[in-house]
Amino acid sequence: MDGKGTGLGVIFRNEFGEVKAAATKFLPICVEVHIAEALVFRWAIESAAYLMLNPVVFESDCLRLVSAWSSRNSNSNSYFAGIIKDCAVLLSNSSFKVLTHMNRSANRAADGAKLAFLAFESYWIGDVPPQIGDFVQDG
């Protein structure tokens, strides 16, 4: 691996803001930021199902993603629109289809997670590794 690619980071919290799980993944492709954010959203949906987390409210600091998810009426054949359609299919049997916009500074924990572990796909349930613990703030 030459180190070039896209790092994905996801933090799962409960309704009290306490961290319940975290995940990181490295994709050996370089993409535009809004596409990376859409890939994270799709992977977060898949990860939430894998970890059996329910209910789930998804958050992103990418306004373009949140806007595309809110409208979902695009007839576009772009890669970005295709990822949004994938997400809709993945959530089609779920009553939890919420994606909200959050401040970029609130995304610090997920950004820290992906910086700490870019070489592989990993999941943590309960305690997060100390390498990303500094980025995660409960509450």
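Below are legends for a set of close-up views of this predicted model.

A word on conventions: residues are numbered from 1 along each chain as its sequence is written, and side-chain values use heavy atoms, with hydrogens and water left out. In this predicted model, local features need pLDDT of at least 70 and side-chain atom pairs count only at pLDDT 80 or more, while totals for chains, interfaces and linings use all residues.

**View 1. The whole chain, before we zoom in.**
The protein chain comes to five helices and five strands; helices (H or I, at least four residues) and strands (E, at least two) are DSSP runs, numbered from the N terminus. Read from the N terminus on, the elements go β-β-α-β-α-α-β-α-β-α. Of the 139 residues, 42% count as buried, where buried means under 20% relative accessible area, exposed over 50%, and partly exposed in between (1.4 Å probe, protein chains only). The chain exposes about 8,100 Å², with carbon and sulfur atoms supplying 53% of it; these areas come from the Shrake-Rupley method with a 1.4 Å probe, and for residues only the protein chains shown count as cover. Take the contacts (heavy atoms within 4.5 Å) between residues at least 6 apart in sequence: 68% of them join residues at least 24 apart.

Leaving aside neighbours within four places in sequence, A36 is in contact with T6, L8 and V31. A36 and L65 are 29 residues apart in sequence, and their C-alpha atoms are 9.9 Å apart in space.

**View 2. The two faces of strand 5.**
In a regular strand the side chains alternate between the two faces of the sheet. Strand 5 has S122 and W124 on its covered face, and Y123 and I125 on the uncovered one. Y123 is partly exposed, at 28% relative accessible area. Not counting residues up to four places away in sequence, Y123 touches A22, A23, W43, S47, Y50 and L51. Its C-alpha atom is 9.0 Å from that of L51, a residue 72 places away along the chain.

**View 3. S60 and its surroundings.**
S60 is found in strand 3 (residues 58–60) and is buried, with a relative accessible area of 5%. The side chain of S60 reaches the backbone nitrogen of C62 at 3.0 Å. Beyond its neighbours within four places in sequence, S60 is in contact with E37, L65, V66, L99, T100, H101 and M102.

**View 4. Helix 2 and its buried side.**
In helix 2 (residues 63–71), the buried residues are L65, V66, A68 and W69. They cover an arc of only 165° around the axis, which puts them on the same side of helix 2; the arc is that of the directions from the helix axis to the C-beta atoms. These buried residues pack against helix 1, strand 3, helix 3 (79–90) and strand 4 (99–101). On the other side of helix 2, L63 and S70 are exposed.

**View 5. Two residues with positive phi.**
Most residues other than glycine have a negative phi. M52, in the loop between helix 1 and strand 3, has a phi near 55°. M52 is exposed, with a relative accessible area of 74%.

Note on methods:
A polar contact is a pair of N or O atoms within 3.5 Å; within protein, one must be able to donate a hydrogen and the other to accept it, and residues adjacent in sequence count only if both atoms are side-chain atoms.
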